[in-house]
Every structure is written in C-alpha cells, then in structure tokens.
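Let's take a walk through this structure together. Have a look at the sequence and the model first, and then we'll start from the inside.

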Amino acid sequence: MADTSFLDWPFFDDDHRRLARELDAWAAEAVEPIAGGAHRGAALDAACRALVGELGEDGWLRWVVPAAQGGVRERLDVRALCLVRETLARHAALADFAFAMQGLGSGPITLFGTERQRRAYLPEVGAGLKVGAFALSEREAGSDVAAMTTTARRDGAAWVLEGEKTWISNAGVADFYVVFARTPELDADGKPAFGAFVVDADAPGLAVTERIDVVAPHPLGTLRFERCRVSDAARLGEPGKGLRVALGTLDVFRPTVGAAALGLARRALDEALAWTTSRRAFGQRLADFQLTQAKLADMATAIDASALLVYRAAWTKDAGAERITREAAMAKLYATEAAQRVIDDAVQLLGGRGVVAESPVERLYREVRALRIYEGTSEIQRLVIAGQVLGRP
C-alpha cells in the first residue's frame, strides 16, 4: 500500500481509515485482474459491467447510495467517496471509472429525487445490478451547459425529449440515464428553464448512435432522442430547475475527480520510487542523484497539497455546508493539474520504460489527461474560483 500517513489527518474518522485500508487490500486482489489490459469495444463494456458487479457484490457501491436504499450512511459521505476513488484509481483507473459513474449517474436521484424514484433505482445501483449515466454534454454545450439544445416538451401527462447528447460516459452500457433538457417555459428571471429526467435505456426513441474511442478507453458515446416519451414521474427536482440538479450534483462529485487524480499521482510516485531506488547508473542508485531527489520531493509535495485541498472540500461538505463551489473547484483544478505534472515526472524518471505501451506509468500518462477536462475543464474551474473570490457566483 502507498503512504497512508494522510489517514491520520483530522479530516477522517475511524470508519474512513478502515474503509481505505480494507478497500486497498481488496482492490489489489479483485480489481487489477479485471481492469488490466487494453480493453476496447465489447470487451471494454464487459469489463466495466464486471467491475460494477464486483464492486456491488462486495459492498463498496453501498457508499454511493443513502442508508434508506441500502447504503452505509444516511446521506452521501463525500470523504468516503473520495477515499474510494483515490484507492481504486491507484490500482486501476477503469475500476475508479466504474465506481465514479455509479455515483455520478445516480447522484441526481440521491440528491433531488423523490422517495419513489430513489426506491426504483438506488437499491440496484448500490448492489451493482443497475448501471447509471449522467447525460449533460452536447456537441455545442460542454462547458457552456446553458447552451444545450436538447428539448423536453409536455404532451399530456408525459414529456417528449428531442435532441442529442454526446461525450456520455457509459453510453450503451447504462441501464438508465439522467438527461438534462431545455423546457419551453422561462424561469423567474426570464431566462430559459431546464428539466432533468430519468430515462431508462430501453425507452422508445432513445438510441446510442455512436461510440467514441479516447486515449484511455472507457465506454463513451452519443445518445439520440427522437420523440422519446417519459412520464412526468421521471422528472427530477423542481420544474424548470434542471440546471440546479446538474450543478448541485457536480458540486458534490467534483472533489472526487480530484481524488481520482490523487490516486493516479500516488501510483506514479510509487512506481518512480521503486525504479529510482533499484536502478543503478554511474556507480550509484538513481535515487542518490540530487536531480532525482529534487523531482521526487516536488512530486511528494504536490501530492500532499492535492490531498489537503481534496479532503478539505470533502470535509466541508460532510460538515454540513450547503454548497462547496469554491472548495470543490480548487480541489478539482489543483489535483488534476498536479497529477499531470507528477505523472510526467514519473515517465521522465523511468526513461524508456516510462513510454512502453501498457506499462503502469504509460497507462497513468494516458489516464490522467481526461481528468483536466471532464466535469468542468481547468479553465472553467479557474473562472468559478475567480467568481467566488470576486463575489460573483
């Protein structure tokens, strides 16, 4: 196991410490055999399904649902979510992806759903029997979510969805999607209103139109909605407040993206330490050279700084803060940017071994890159932080 001294920080209670240590031991045995290797296409989908099943069967997905639906705690424990993502990412990024999407895909239901909606979806999410997805992005509406063109209009007691969503994780794998769409009415400020809807994967009018291959493979694709009818009972949150559902969910889960980056960075440091303390050159270990030591020191410092920001944000939410917009954005921004630098340094220290395809550090180099983009790019995080500092939320 990597350095666990951070678990002694006052952010955590004994349950958190136990969770991190038990999950680490489990993941080393159960996760790496499934997640290892270059999965594509149907094999990738099968690996993700298998990982969700393993995570559910052995109880780890109970952390993404409330106790009333079979979870561990009464409400989402953000510190636990971060610890799980950090630990899984250190072992296998695909396992972290499987866990993260169960959380993000069901998060709007947990945070904004009715009791009926929670009962219908969350127990099976926590058991690993249903896979969720979060369908927000469009071709022209990524960072600018309010620019979405997918629409939802009332038709009697139902809603009809029309449009397209892309860059959707778990497209083609998910059993249900939380879909965000523009609705005809205006909000109280005269601005466009939006809705959030839970759409089952087999809903008539919903199709997966393409799969998208990315540098670190995970299920990603495009959804098309053509006269896709859902009942009014599928709507999440207050009428016209769909963006509140989307942003409120991201507010909770953004620190966990930083935690995943932290796990990747810790693995990179572990790999760099193992190599530089065993590899010899010019009559001494690589770790005996001052330039190597300086790089290792910078890597360790960046990791600790990231951990402090990630777990500060998580603790703040768990302590009762209604919103953690500033803390979450800082954690996501710093931890993902720092992890990119740490992993690049690890590649440099390993030299030729660092760029061998499918070697641990080469995989980390590909896996970390997307974290600076999804759930809000680094540039968007800077704008969010600046808005908070300037008092312009």
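**Starting from the core**

The largest nonpolar core has 122 residues, and W26, L88, L161, F180, V199 and Y311 are the ones with the most contacts inside it. A nonpolar core here is a set of buried Ala, Val, Leu, Ile, Met, Phe, Trp, Tyr and Cys residues joined through side-chain atoms within 4.5 Å. Buried means under 20% relative accessible area, exposed means over 50%, and partly exposed is in between, using a 1.4 Å probe and protein chains only. Helix α7 gives the most to this core, with 17 residues. In soluble globular proteins, nonpolar side chains tend to be buried together.

Before going on, a word on what you're looking at: this is a predicted model, in which local features need pLDDT of at least 70 and side-chain atom pairs count only at pLDDT 80 or more, while totals for chains, interfaces and linings use all residues. Residues are numbered from 1 along each chain as its sequence is written, and side-chain values use heavy atoms, with hydrogens and water left out.

Now zoom in on W26. Leaving out residues up to four places away in sequence, W26 touches V31, E54, L55, D58, W60 and L88, where contact means heavy atoms within 4.5 Å.

Next, follow α7, which covers residues 242-276. Helices (H or I, at least four residues) and strands (E, at least two) are DSSP runs, numbered from the N terminus. The axes of α7 and α9 (residues 325-350) come within 8 Å and cross at roughly 20°. That makes α7 roughly parallel to α9. Angles under 35 degrees count as roughly parallel, over 145 as roughly antiparallel, 65 to 115 as roughly perpendicular and the rest as oblique. The axes are lines fitted to C-alpha atoms, for helices over the stretch in contact, and angles run from 0 to 180 degrees between N-to-C directions. The crossing of α7 with α9 is left-handed: the near helix is turned anticlockwise from the far one by less than a right angle, while clockwise would be right-handed. By class, this contact has 17 nonpolar, four polar and four charged residues. Ala, Val, Leu, Ile, Met, Phe, Trp, Tyr, Cys and Pro count as nonpolar, Asp, Glu, Lys and Arg as charged, and the others, Gly among them, as polar.

α7 also packs with α5 (residues 93-112), at an angle of about 160° and with the axes 9 Å apart. These two are therefore roughly antiparallel to each other, and their crossing is right-handed. Among the residues making the contact are G103, L104 and G107 of α5, along with G248, L250 and F253 of α7. The residues of this contact divide into 11 nonpolar, four polar and two charged.

Back to α9, this time with α10 as its partner: their axes come within 9 Å and cross at roughly 150°. So α9 and α10 are roughly antiparallel to each other, in a left-handed crossing. Here Q340, I343, D344, A346, V347 and L350 in α9 meet V361, L364 and Y365 in α10.

Also in α9 sits M330. Leaving aside neighbours within four places in sequence, M330 is in contact with L309, R312 and I385.

Finally, which residue has a positive phi of about 55° although it is not a glycine? That's E375, found in the loop between α10 (360-367) and α11 (378-389). E375 is buried, with a relative accessible area of 13%.
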